[in-house]
Amino acid sequence: MRVTMSAILILAAFLAVILLQAQHGETLPPTLYENITVSFEQDTSSKNAIAAILLNYRMYDTMFEALILLTAIIGMQQFLPRKVDMEGDSKGSIEEDVHEN
Amino acid sequence: MKTERVSEDSLILQITIGLLFPFMLLFGFYIIVNGHYTPGGGFQGGGILASLFIARYVIFPLEDTDSEVLHSLQRVFLAAIMLVPLFFLFTGVVAQYPAWQKHYLTLMDILIGVQVGFGLGVAVLRFAFFQGSGQTWHL
């Protein structure tokens, strides 16, 4: 019963969103789209609009994407053991480290 | 524990990857350098450069590549990715001199590509040698 009720609620919310969008179907003028597609070549002298966006218009996005990759690698370096850590009684050595600290 | 290493004895695999290796390097840098003319760019070319590490691991699964060195190189390249736009794009130097724009795009593509290549290479090597050891790890 609870599953059916929640399914009906989710469906009703979905339909309500679609109805709201159908009622307020306003079309915005494509200002930013036209601005970028018309003038990207003389702005950035790049033949490829995606490269122009990634490396000039949205440079912060690219910079912090690269930072996210570095963060992922740092986490992996921390939590995956090296071959040195795997040799011998690894669990005992870790407990010793804990007691020393 | 004896592990079967088919690839170390397979002459076909060694010769094929040995032939393909320079072409993979060339293809990766082709995609990186032509990032502002053709589809592609730094991230895609960096993924292809990381496949060099995978190919080397397939032939010789030796843990002689120090992943710390690759990781510190990645950090150096990330610092360059942060600093080059700071001095050349956000100050408006590139917008003032349009002749520099292509060089700026190429430089940024190369920096991003090499950084992503080193990063994915570190990830692949660490996961490969961790899974290949066949042991479990307790924190």
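In helix 2 of chain B, Leu13(B), Gln14(B), Ile17(B), Phe21(B), Met24(B), Leu25(B), Phe27(B), Gly28(B), Phe29(B), Ile31(B) and Ile32(B) meet a set of residues in helix 3 of chain B, among them Gly42(B), Gly45(B), Leu49(B), Leu52(B), Ala55(B) and Ile59(B). Contact here is a matter of C-beta atoms, placed from the backbone, lying within 7 Å, and helices are DSSP runs of H or I, at least four residues, numbered from the N terminus. By class, this contact has 15 nonpolar, six polar and no charged residues; Ala, Val, Leu, Ile, Met, Phe, Trp, Tyr, Cys and Pro count as nonpolar, Asp, Glu, Lys and Arg as charged, and the others, Gly among them, as polar.

The model is predicted: local features need pLDDT of at least 70 and side-chain atom pairs count only at pLDDT 80 or more, while totals for chains, interfaces and linings use all residues. Residues are numbered from 1 along each chain as its sequence is written, with chains lettered from A and ligands numbered from 1 in the order in which they are written.

Back to that helix pair. The axes of helix 2 (residues 11–33) and helix 3 (residues 42–59) of chain B come within 8 Å and cross at roughly 165°, so the two are roughly antiparallel. Axes are lines fitted to C-alpha atoms over the stretch in contact, with angles from 0 to 180 degrees between N-to-C directions; over 145 counts as roughly antiparallel, and 65 to 115 as roughly perpendicular.

Now hop to chain A, where helix 2 (residues 31–44) has 14 residues and reaches 19 Å from first C-alpha to last, close to the 20 Å expected at 1.5 Å a residue (1.5 Å times one less than the number of residues). There is a bend of about 45° at Val38(A), taken between axes fitted to the seven residues ending there and the seven starting there.

Helix 2 of chain A packs against helix 3 (residues 49–57) of chain A at about 65°, axes 10 Å apart, which makes them roughly perpendicular. Ile36(A), Phe40(A) and Asp43(A) are among the helix 2 residues in this contact, and helix 3 contributes residues including Ala52(A), Ile53(A) and Tyr57(A). The tally is six nonpolar, three polar and one charged.

Finally, the chains together: 33 residues of chain B are in contact with 24 residues of chain A. On chain B's side, helix 6 gives the most, with 13 residues, and the side as a whole divides into 17 nonpolar, twelve polar and four charged.

Technical notes: Angles under 35 degrees count as roughly parallel, over 145 as roughly antiparallel, 65 to 115 as roughly perpendicular and the rest as oblique.
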